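Visitor: I'd like a walk through this fold, and I'll keep asking how you know what you say. Can you show me the chain?

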Amino acid sequence: MDVLVRIKRLVVRGSVRFTEKARTELDADGLEPEDALEAILSAPGIHKTLRSSSPRRRARRETLYVIVGVSFAGIPIYTKGVIRREGGRDVLYILISSKRSVP
């Protein structure tokens, strides 16, 4: 299944969490969490994929997805997140970063 479709299904199910960093970035840009979710749902594709590693994470290497979409109010928004899996299935999309997209 397409990764963006998997992410959008998690968003529709409400299986999304925002890190404190993502909430702070949204607040700084005068945006609500719903704006970021709308941008994900309206996104035509994944902008880029990053590989991240950290000894503090559950998984040593994680795939981060950068999605640039537009909120229902027409605001371009950049999001970066990771899919968390348990028991071989997607259970949560965690937004690590969410802010206005700068062209």
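Guide: The protein chain has three helices and five strands, where helices (H or I, at least four residues) and strands (E, at least two) are DSSP runs numbered from the N terminus. In sequence order the pattern reads α-β-α-α-β-β-β-β. This is a predicted model, in which local features need pLDDT of at least 70 and side-chain atom pairs count only at pLDDT 80 or more, while totals for chains, interfaces and linings use all residues. Residues are numbered from 1 along each chain as its sequence is written, and side-chain values use heavy atoms, with hydrogens and water left out.

Visitor: What makes β1 and β2 edge strands?

Guide: β1 (16-18) and β2 (48-53) each pair on one side only. Two strands pair if DSSP finds at least two bridges between them. The sheet is open, with five strands in the order β1-β5-β4-β3-β2 and mixed pairing. From one strand to the next, the twist averages 30 degrees; axes here are lines fitted to C-alpha atoms, for helices over the stretch in contact, and angles run from 0 to 180 degrees between N-to-C directions.

Visitor: How do you know that β3 pairs with β4?

Guide: Seven bridges join β3 (residues 61-70) to β4 (residues 76-86), and pairing takes at least two, so these strands qualify; they run antiparallel. Val-70 has Pro-76 as its bridge partner, and Ile-67 stands opposite Thr-79. Five residues lie between the strands of this hairpin, where Gly-74 takes a positive phi near 85 degrees.

Visitor: Why is β3 called largely enclosed?

Guide: Because seven of its 10 residues are buried. Buried means under 20% relative accessible area, exposed over 50%, and partly exposed in between (1.4 Å probe, protein chains only). For the protein chain, buried residues make up 43% of the 103.

Visitor: Then why is Val-91 called partly exposed?

Guide: Val-91, in strand β5, has a relative accessible area of 24%, which falls between the 20% and 50% cut-offs, so "partly exposed" is the label. Val-91 touches Leu-10, Ser-15, Arg-84, Arg-85 and Glu-86, leaving aside residues up to four places away in sequence; contact means heavy atoms within 4.5 Å.

Visitor: How do you know that the buried residues of α2 line one face?

Guide: They are Ala-22, Glu-25 and Leu-26. Seen down the axis of α2, they fall within an arc of 100 degrees, so they line one face of the helix; the arc is that of the directions from the helix axis to the C-beta atoms. These residues pack against β1, α3 (33-42) and β5. Turned away from that side are the exposed Glu-20, Asp-27 and Ala-28. Helix α2 (residues 20-28) lies across β1 and β5, at about 35 degrees to β5, and is followed by Gly-30, with a positive phi near 70 degrees.

Visitor: Which strands does α1 touch?

Guide: Helix α1 (residues 3-13) packs on the sheet, touching β1, β3, β4 and β5 (89-100), and its direction makes about 90 degrees with that of β5.

Visitor: What makes a set of residues a nonpolar core?

Guide: The members must be buried Ala, Val, Leu, Ile, Met, Phe, Trp, Tyr or Cys residues, joined through side-chain atoms within 4.5 Å. The largest such core has 20 residues; Ile-7, Phe-18, Ile-40, Ile-67, Ile-83, Tyr-93 and Leu-95 touch the most other members. Two or more residues come from each of α1, β1, α2, α3, β3, β4 and β5, and α1 gives the largest share, four residues. Ile-7 touches, among others, Ile-40, Ile-67, Ile-83 and Tyr-93. In soluble globular proteins, nonpolar side chains tend to be buried together.
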